[in-house]
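Student: I am new to this structure and should like to look closely at a single part of it. Please take me through that part step by step.

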Amino acid sequence: MLILTRKIDEEIKIGSEISIKVLSISEGQVKLGIAAPNNVEIFRSEIYQKIKQVTIEALQNSSNKPKDLSKLRLNNIRKLNNES
Amino acid sequence: MKINTRQFGEIEFSPELMINFSTGIFGFENLKNYLLIKVDDDFFYWLNSVEEPEIAFPLVGVRVIDDKYPLENEHEAFGIVTMNPDILNISINLKAPVYINQTNKTGFQKILDSEKYPVNYNLFKEE
């Protein structure tokens, strides 16, 4: 792992198209500004790990499909949208 | 081409039916080519890997439960489903939709920024 020290407003470039800037530092938190092309996905690592875990669980449970689906009633999401 | 799937046994298909995921599915980035399979009376779609045919993700089109779900142009949004013998415990990942264009045979997965989409939303409810 490469370790670099940067001050506020200083940047790191990864390749020619990605740059990460330190915007502020306070109370154990660092705020970063990231500029990257649209096709580069950026997300917090723990969210990526969570998605990966859920996907693996989906795969492991794929044969647990219930035999009787006749009673299915979809859980429409309108409620979820209105809450926000 | 022929592959031996877990869900459907051996299936034969023409290569132009393959859907290309250039960046893969999160956690399965090495798998790039899939078949999107739906059997007539089955409620679920199956996204079956061509490279590793025993891998198949059950999917549901998100629009069936949410008509306001974020669109990606020309792509249909699907959620990966976690099955459960109890229908009320079946969940769908709304946080990381799988977008598929069935015309030009491309697909990609995305993580939505919005906090309102959970990774395990209950797909069904009681009568």
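In what order do the three strands of the open sheet in chain A lie, and is their pairing parallel or antiparallel?

Tutor: The model is a predicted one, in which local features need pLDDT of at least 70 and side-chain atom pairs count only at pLDDT 80 or more, while totals for chains, interfaces and linings use all residues. Residues are numbered from 1 along each chain as its sequence is written, and chains are lettered from A and ligands numbered from 1 in the order in which they are written.

The order in the open sheet of chain A is β1-β2-β3, with antiparallel pairing. Strands here are DSSP runs (E, at least two residues), as helices are (H or I, at least four), numbered from the N terminus; two strands pair if DSSP finds at least two bridges between them. At the edges of the sheet lie β1 (11-14) and β3 (29-35) of chain A, each of which pairs on one side only. From one strand to the next, the twist averages 25°, the angle being taken between N-to-C directions, on a scale from 0 to 180 degrees, of axes that are lines fitted to C-alpha atoms.

Consider next how β1(A) is joined to β2 (residues 18-26) of chain A: the two run antiparallel and share four bridges. One of the bridges links E11(A) to K21(A) in β2(A). Another has I14(A) as the partner of I18(A), also in β2(A). The hairpin of β1(A) and β2(A) has three residues between the strands, and G15(A) takes a positive phi near 65° there. In general, strands of a sheet pair through backbone hydrogen bonds, either parallel or antiparallel.

How confident is the prediction here? In chain A, confidence (pLDDT, the predictor's score for each residue, from 0 to 100) is highest in β1(A), at a mean of 97, and lowest in helix α2 (residues 78-83) of chain A, at 56. Chain A as a whole averages a pLDDT of 89, and 92% of the residues score at least 70. Where pLDDT is low, the predicted coordinates should not be read in detail.

Beyond chain A lies its partner: 28 residues of chain A are in contact with 31 residues of chain B, contact meaning that the C-beta atoms, placed from the backbone, lie within 7 Å. On the side of chain B that touches chain A, β6 (56-61) and β7 (76-82) of chain B each supply at least two residues.

How values were computed. Two residues are in contact if their C-beta atoms, placed from the backbone, lie within 7 Å.
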